[in-house]
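Look at the model below and keep two topics in mind.

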Amino acid sequence: MAIYFDNAATSWPKPPAVRDALAEYFDEAGGNPGRSGHRMSVAAARLVENAREKLAELFNVADPSRIVFTHNATHALNVALMGLLHPGDHVVTTSLEHNSVMRPLRHLETLGVELTSVACTPEGLLDADGVGRALRPNTRLLVTTHASNVVGTLMPIGALSRLARERKITYLVDASQTAGAIPIDLHEVNVDVLAFSGHKGLLGPTGTGGMCIREGVVLAPLMRGGTGSDSAHEIQPDFLPDAFESGTQNVAGIAGLGAGVRFLLEIGIDTVRMHEQQLVAEFLSGASEIPGIILYGPRDAALHCGVVSFNVAGAMPSEVALILDESFAIMARSGLHCAPAVHRALGTFPTGTVRFSFGWFNTPAEVQRALEALREVASWAGEGKEAAKTWTA
Ligand SMILES: Cc1ncc(COP(=O)(O)O)c(C=O)c1O
């Protein structure tokens, strides 16, 4: 049986209920939600609203209309960054960010937004005090990931949200790697905009994502158009979620996302978290015993989401991922993982790392099989290195 360790890119497999929800949309509710009054349009709208309610429950948000659907986390992050920042504003971010944050920010920099990126430690951790020191009187926004998609480290979003609140700065969190995998309670933590992927930890289909916008946050939409509401007016509605949901939604995908979230709520996010943390702990302890495996990030699984990064001495990360796939049927990702800056801190730029990202459906037995495979790959690479040395001499 093949092993899928690429859940940070997109989760696999999806629960059967997710496939069923897609079938339900195509078979019974194939209309366009909110556009017509007929039964299939109403049934489609019900699927979308059910998914919205489940996400509100997951993030402990009282008003489901604060949840806006987008095509993915990148889309949500672009809406938030473009809508919140204006020339002359200062924004603080970190060296752990994915390009879905960094590229829009670098673009905004060319339009006159000032940008400060706070460096992480060589282990990929972030010091909240360092972020505090980067804030200025004109800082409009703090944007951080909740967990690094490269090294898996969790960011202190509680401390950062208190800091942002004290300084009256809007706080945007990229929860792409944590939504559905780590408990997030928006009643407890003062995050102003939380962007999430629907197709990773939330177990929905690709082409789904969204954001949760706290009441009082002033955010301009990126796109304007038909919403099926307030149609007599040529001005974009300003109420949620319609203000940000112009055009026909990915209804099949959202129905699947709703089923994914329902599945997770039944298991309980604490249980998902414990399971993934156990897989990380087993991997870290096993891998640290294998000569030739270089682990990145802290050894404590409690500081990680379900993501770990490593290299094999004497082999390129791309080579290791290829061997794992072709010889051991283990699917992993190699390279920079769309987050180049963190690799400079880890010392892995420009070739990157091999990443294993665990999900709910992975098992301890799969981790053990992967450790055995790595033992073989590391010994092969070690021998190769020796041979290369002899040859050079
Ligand atoms: C930390 C982080 N942010 C953003 C994204 C982008 O997510 P999406 O593919 O849903 O746009 C990813 C995807 O890997 C990610 O890991």
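This is a predicted model. Start with helices α2 and α7, whose crossing is left-handed. Two packed helices are described by the angle between their axes and the distance between the axes. Here α2 covers residues 39–58 and α7 covers residues 251–267. The angle between the two is about 35 degrees, and their axes lie 8 Å apart.

Which residues in α2 and α7 meet? On the α2 side they are Ala44, Leu47, Val48, Asn50, Ala51, Lys54, Leu55, Glu57 and Leu58. On the α7 side they are Val251, Ile254, Ala255, Leu257, Gly258, Val261, Arg262 and Leu265. Sorted by class, this contact of α2 with α7 is made of twelve nonpolar, two polar and three charged residues.

Now turn to the empty space. Rolling a probe the size of a water molecule over the atoms shows where such space is left. In this structure there are two cavities of 30 Å³ or more.

The largest cavity has a volume of about 160 Å³. It is lined by 20 residues, and those closest to its centre are Asn7, Ala181, Gly201, Glu276 and Phe358. Nine residues of this lining are nonpolar, nine are polar and two are charged.

The second largest cavity holds about 30 Å³ of space. Its lining consists of Asn7, Ser11, Trp12, Pro13, Leu203, Gly359, Trp360, Phe361 and Asn362. Of these, five are nonpolar and four are polar, with no charged residue.

Conventions. Residues are numbered from 1 along each chain as its sequence is written. This is a predicted model: local features need pLDDT of at least 70, side-chain atom pairs count only at pLDDT 80 or more; totals for chains, interfaces and linings use all residues. Side-chain values use heavy atoms; hydrogens and water are left out. On a 1 Å grid over the protein atoms alone, a cavity is a set of points where a 1.4 Å probe fits but cannot get out, and a pocket is an open set with protein on both sides within 12 Å along at least five of seven lines; lining residues have an atom within 4 Å of a point. Grid points are joined across faces, edges and corners, and a volume is the space filled by probe spheres set on the points. Ala, Val, Leu, Ile, Met, Phe, Trp, Tyr, Cys and Pro count as nonpolar, Asp, Glu, Lys and Arg as charged, and the others, Gly among them, as polar. Axes are lines fitted to C-alpha atoms, for helices over the stretch in contact, and angles run from 0 to 180 degrees between N-to-C directions. Helices (H or I, at least four residues) and strands (E, at least two) are DSSP runs, numbered from the N terminus. A crossing is left-handed if the near helix is turned anticlockwise from the far one by less than a right angle, and right-handed if clockwise. Contact means heavy atoms within 4.5 Å.
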